Amino acid sequence: MLDRRRWLKVSATALAGGWAGACASAPTGRLDVPPPWTPLQPVRVSRDRVIRVVAGLRPYRAEGFVVRAERLAGKLLVHNYGHGGGGVTLSWGTAEMAADLVTYGGREGDVAVIGAGAVGLATARLLQRRGRRVTIYARDLPPDTTSNIAGAQWSPSTVSDNLNGPFGHRYERAARLAYRHFQNLVGAGNGVRWIDNYFPRERPPGSGGYSRIRDLFPEGETLEGDEHPFPTRFVRRVATMFIEPHRYLQAVLTDFRIAGGEVVVGEIADLAQLAALDEAVIVNCTGLGARELFGDESLVPIKGQLVVLRPQPGIDYLTVGGGRFSTRGSQYMFPRSDGILLGGTYQRGVETLEPDPGETERILADHGAFFRAMEGKVGSPPVAGA
């Protein structure tokens, strides 16, 4: 017997295909029952569809991100950095935590936010909403920040080595705060939307590091065999928010400027230069730059490399993992309006931003094998304009 979910899918498809006309004429042959999944088009992976290869450095701390306050030359200094691979995802959450430290830190006056990535922009906007006059000081602005290279589905991954200790509670609070903020930003103008995320696996998938916030991924279900269109035995499907950084960061920066915020472009080389700023409050959102500026040697870069394919109409789902088709490293596909992102790498301690040709070949080969096998299972209908 078909369960209710599968029955609804089958019956709706059959009705559209001609059951309604059965009253007019008797069927002449057997009705082919369609597969029980929502049709998904495979990604066409080939070298001639590659439009760019990019790499970025995640600012990772094994202990987790830093949100704390201290004094610097009579000023209130609040730190907000070290998010690893969860910078975009957690940005509004740790921004609110940092804004609380500013609000209740006993220091009035204007605020300087150092850094214009996802964390810095969110922090600046929240402080504006709390009535502070804010200036952003940054060496680089979007689209030239690390945040622009992010995937970036709403998924706080690679944030800490241990989410079960005391840090786990801070991680959970930041995630829940950020989750609510991003819901308010859903819309084409902000580059934020809901999307289905699939985790193909050969074994039944577990919750992993998301156990604390599992309820933030709605409509979760595990599919097996012919219940899904992927070339693996199991798939875990969840709904998640998806952020397109090239749209999202510009939208937040525009909102900041409309609200009266100022931007100063330039590099702050040392603490003396930082202390000399006019603002009475400083918020450090420098990411990996905090290692040199504040001497935090616990910060470790994790290199992430992406291969970007030409946009492909009809691709509106995410995949993370590839089962037996993953030879090493990580494997994920994120469709953005500016290209199909194929990832990736997690190279801890690698400092260079130069793409690795070997990793490019591996990413293309693994994704190519995965989606060709998917095409063999579901077929590949032609797509207009592809």
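## Basis

Buried means under 20% relative accessible area, exposed over 50%, and partly exposed in between (1.4 Å probe, protein chains only). Phenylalanine 230 is buried, with a relative accessible area of 0%.

The model is predicted: local features need pLDDT of at least 70, side-chain atom pairs count only at pLDDT 80 or more, and totals for chains, interfaces and linings use all residues. Residues are numbered from 1 along each chain as its sequence is written, and side-chain values use heavy atoms, with hydrogens and water left out.

## Fold

The protein chain has eight helices and 15 strands. These are DSSP runs, numbered from the N terminus (helices: H or I, at least four residues; strands: E, at least two). Of its 386 residues, 51% are buried.

## Arginine 237

Arginine 237 lies in strand β8 (residues 234–243). It counts as buried, because its relative accessibility is 11%. Its side chain makes a polar contact with the side chain of aspartate 196 at 2.9 Å. A polar contact is a pair of N or O atoms within 3.5 Å; within protein, one must be able to donate a hydrogen and the other to accept it, and residues adjacent in sequence count only if both atoms are side-chain atoms. The arginine 237 side chain also reaches the backbone oxygen of glutamate 219 at 3.1 Å.

## Aromatic rings

The whole structure holds 14 aromatic pairs. Rings of Phe, Tyr and Trp (its six-membered ring) pair if their centres lie within 6.5 Å; planes under 30 degrees apart are stacked, over 60 edge-to-face, the rest tilted. Phenylalanine 65 and phenylalanine 167 pair edge-to-face, 4.9 Å centre to centre with 70° between the planes. Both are buried.
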